[in-house]
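Please read it alongside the sequence and coordinates.

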Amino acid sequence: MPRGYEGVRKGANDELERIAIDLQYLLLIVGVISLLVALGNFSICVWIRFDLDFWEWIIEIDWYTYWYCTYVVMVAMLLTALNSGLMSYGVMIESRGIILVSMLLRVLIWCVTLAGAVVICVYGVEESDILIKELQEVFLGLISRWDEDPRASRVMRMIQEYVGCCGATGKRDDYFNLGKVFPPECRHPVTGNNYRYGCPQTLAWWLEPWTATLAGISLFFCVSDFFVLYLNTKLRRVLLELQH
């Protein structure tokens, strides 16, 4: 009987060790992929922050909202990368304590990541009324300072020509109502027709590829975190059983 019991126990331990090794390999792969993806998304935020054309526009029109939104995503991605490294380390050394700390941090980081995805969508897509209204105020302010502030007229000409837009609403009235001369940058360089859309809407379209990438990756982490938490919980349970 004792020998039979020992044989059953040894077989059970072998099975637990096999499960533990499989979970460790899986979590290490997930950890490395998460680390690389998070750093990639972080790099996109850095590129947005220091892109020369966009940087000049932001400074000149005095509109920093989109940068502030990318900062939230940057913090979330940096924390995700660090926590992925912490989780991988805990998995490698089979430390239930470190894995638990990583799980608790993941819950907090999940909230930051979701917040980043939300704010970047609110201030980075054309369908956002909040963004369009804010940008309309910004561009109307630039048009009102057209004659007095050379920097305001310069950046308006630059943006209108670069993204193909006109004023704040896409209408001549944006200039005529404020007693300003209708600028040639509001016309298509080939056809000569007026651009149909205002700069707030067109700039929002221009931002959408960046927004889609940042928000998409952030939401991917929010969804995948549930799977990672499940794997971590299962590994901790297996490691606990192996210790007894």
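How many residues does helix H8 have, and how far does H8 reach from its first C-alpha to its last? Helix H8 (residues 199-243) has 45 residues and reaches 64 Å, close to the 66 Å expected at 1.5 Å a residue. The model is predicted: local features need pLDDT of at least 70, side-chain atom pairs count only at pLDDT 80 or more, and totals for chains, interfaces and linings use all residues. Residues are numbered from 1 along each chain as its sequence is written, and side-chain values use heavy atoms, with hydrogens and water left out.

**Helix H8**
- Helices are DSSP runs (H or I, at least four residues), numbered from the N terminus.
- The expected span is 1.5 Å times one less than the number of residues.
- H8 has a kink of about 40° at Glu208, shortly before Pro209; the bend is the angle between axes fitted to the seven residues ending there and the seven starting there.

**Positive phi**
- Most residues other than glycine have a negative phi.
- Asp62, in the loop between helix H2 (52-61) and helix H3 (65-92), has phi near 60°.
- At 54% relative accessibility, Asp62 counts as exposed (over 50%; buried is under 20%, partly exposed in between, with a 1.4 Å probe and protein chains only).
- Glu94, in the loop between H3 and helix H4 (96-122), has a positive phi of about 55°.
- Glu94 counts as partly exposed, at 41% relative accessibility.

**Leu79**
- Leu79 belongs to helix H3.
- With a relative accessible area of 33%, Leu79 is partly exposed.

Methods:
Helices (H or I, at least four residues) and strands (E, at least two) are DSSP runs, numbered from the N terminus.
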